[in-house]
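Dear colleague,

Please find below the structure that I am handing over to you, together with its sequence. My findings follow it, and I would be grateful if you could read them alongside the coordinates.

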Amino acid sequence: MQTRLLSAGVFAAIAALALAGCGKEEPKPAPKAEAPAAPAAPPPPPELVVKIGHVAPLTGNIAHLGKDNENGARLAVDDLNAMGIVVDGKKLKFELVGEDDQADPKTGTVVAQKLVDAKVNAVVGHLNSGTTIPASKIYNDAGIAQISPSATNPTYTQQGFKTAFRVMANDVQQGSVLGEYAAKNLKAQTIAIIDDRTAYGQGLADEVEKAAKAAGAKIVAREFTKNDATDFTAILTKIKGKKPDVIFYGGMDAQAGPMLKQIKTLGIKSKYLTGDGGCSPELIKLAGDAAEGIYCSQAGLPLDKMPRGADFAKRYKDKFNTDVQIYAPYSYDAVLVIADAIKRANSAEPAKIVAALPATATDGVTGKVQFDEKGDVKNGAITVYTVKGGKLEVLEVQGGSPMAQAVSAVKAEVKEAVKEAEKAAGDAAKAVEKEVKKVEEAVKK
């Protein structure tokens, strides 16, 4: 009996297994619907390299000024690349192609041709008028725009070249201010003039002489030296005998510094005046205390009075670990002007850049940049400085746009108001301290 039950149980189990094997399968879960694929990102726009040539003396006795120019242009290139500018469906990549002209006219033409052969789209430079002018024909023949940030000789933009532009005031403007300033503000009846026989130095000296004579001053000596000279004793000794009220030097800081030391050694009491080439921190460094009390000018607003000058000065120092010398803001603006022309022309072709430049109205570090029919900057300002306490101190600003002048005036008024408030606060504090002492003395008694 027991055996039958077990057998029946076994059969029942087998039957159950068989039925399970022949039964319906458990329904499988339906496959999950796949999420729609994200739309493919559009391909990045093709890249267009824009080559900006830059030329300045990077070796020699004014290499510090040349590097200053190049740094200004390089900072602008970096800023433009960070913007991701797209023109005609292409993303622009700006590249700076730097060359050293050694402040030599012959070398200047050689490197100008080198940039033309490299197919640059436009050029910022050169620094010196003596290299800028001969190079300008090469760029003009090639149809490439040239914007100088620092060459001030009028001849540069008077040749009729449609490719030549500059972003700072020229020597006619600067020389007129300096000649008149010497005669009227410095009360000079007699003036001795020295120049370095470069296109810049001699050109500026000529304009100073014209303006000084027109203002009633007499030129008692006109001497010249070379732009690599270091000994001016013979010239200065000759001038000393003339006893001029003012000595004007047309040239660069590399000569003005040693010249001032020799003037002090010779005991010459004349006031000293020079132009933008010598109006730099480097001059003060080279001349030391012999620079104290001299007068000089720069063809533009003071850096701290430029619309974006303070920010530029900080960013320049952060990037290059040095202070601006003179022309870096103008090099920066020259690059911005080229980029603006490219955007308006919707093309980086050199011919289209040249065609767009006359209509420029770019807000730069130095102010609004616009050109007249010759390619000179409109509303160029001239600032006169003196050296006080080893630093350049602004005396007056002439020219410049009405807006820039208004901003400068407001800043000057605010600065003066702050000084007066600080003085008043100091006087009040001293008065209180005096009264406290009186009370203390009375208590002691």
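In the predicted model, residues D68, N69, G72, A73, L75, A76, V77, D79 and L80 of α2 meet A328, S331, Y332, V335, L336 and A339 of α11, where contact means heavy atoms within 4.5 Å. By class, this contact of α2 with α11 has ten nonpolar, three polar and two charged residues; Ala, Val, Leu, Ile, Met, Phe, Trp, Tyr, Cys and Pro count as nonpolar, Asp, Glu, Lys and Arg as charged, and the others, Gly among them, as polar. Helix α2 covers residues 63-83 and helix α11 residues 328-345, and the two pack at an angle of about 40° with their axes 7 Å apart. Axes here are lines fitted to C-alpha atoms, for helices over the stretch in contact, and angles run from 0 to 180 degrees between N-to-C directions. The two helices are therefore oblique to each other (angles under 35 degrees count as roughly parallel, over 145 as roughly antiparallel, 65 to 115 as roughly perpendicular and the rest as oblique). The crossing of α2 and α11 is right-handed, that is, the near helix is turned clockwise from the far one by less than a right angle.

As to conventions, residues are numbered from 1 along each chain as its sequence is written. Local features need pLDDT of at least 70 and side-chain atom pairs count only at pLDDT 80 or more, while totals for chains, interfaces and linings use all residues, and side-chain values use heavy atoms, with hydrogens and water left out.

The contact is made by P105, G108, T109, A112, Q113, L115 and V116 of α3 and by G130, T131, P134, A135, I138, Y139 and A142 of α4. These residues divide into nine nonpolar, five polar and no charged. Here too, α3 passes α4 in a right-handed crossing.

Helix α6 (residues 199-214) has 16 residues, which at 1.5 Å a residue should span 22 Å, and its end C-alpha atoms are 23 Å apart, in agreement; the expected span is 1.5 Å times one less than the number of residues. Its buried residues are Y200, G201, G203, L204, A205, E207, V208, E209, A211 and A212 (buried means under 20% relative accessible area, exposed over 50%, partly exposed in between, with a 1.4 Å probe and protein chains only). They pack against α4, α5 (171-185), β7 (190-195), β8 (218-224) and β9 (246-250). Not counting residues up to four places away in sequence, E207 touches D171, V172, G175 and S176. Just after α6, G216 takes a positive phi of about 105°.

In the loop between α5 and β7 lies L186, which is buried, with a relative accessible area of 6%. Beyond four places in sequence, L186 touches Y181, V246, K271 and Y295. L186 and K271 are 85 residues apart in sequence, and their C-alpha atoms are 8.1 Å apart in space.

For the protein as a whole, the secondary structure comes to 13 helices and 15 strands. Helices (H or I, at least four residues) and strands (E, at least two) are DSSP runs, numbered from the N terminus. Buried residues make up 47% of the 445 residues. Among contacts between residues at least 6 apart in sequence, 68% join residues at least 24 apart.

Yours sincerely
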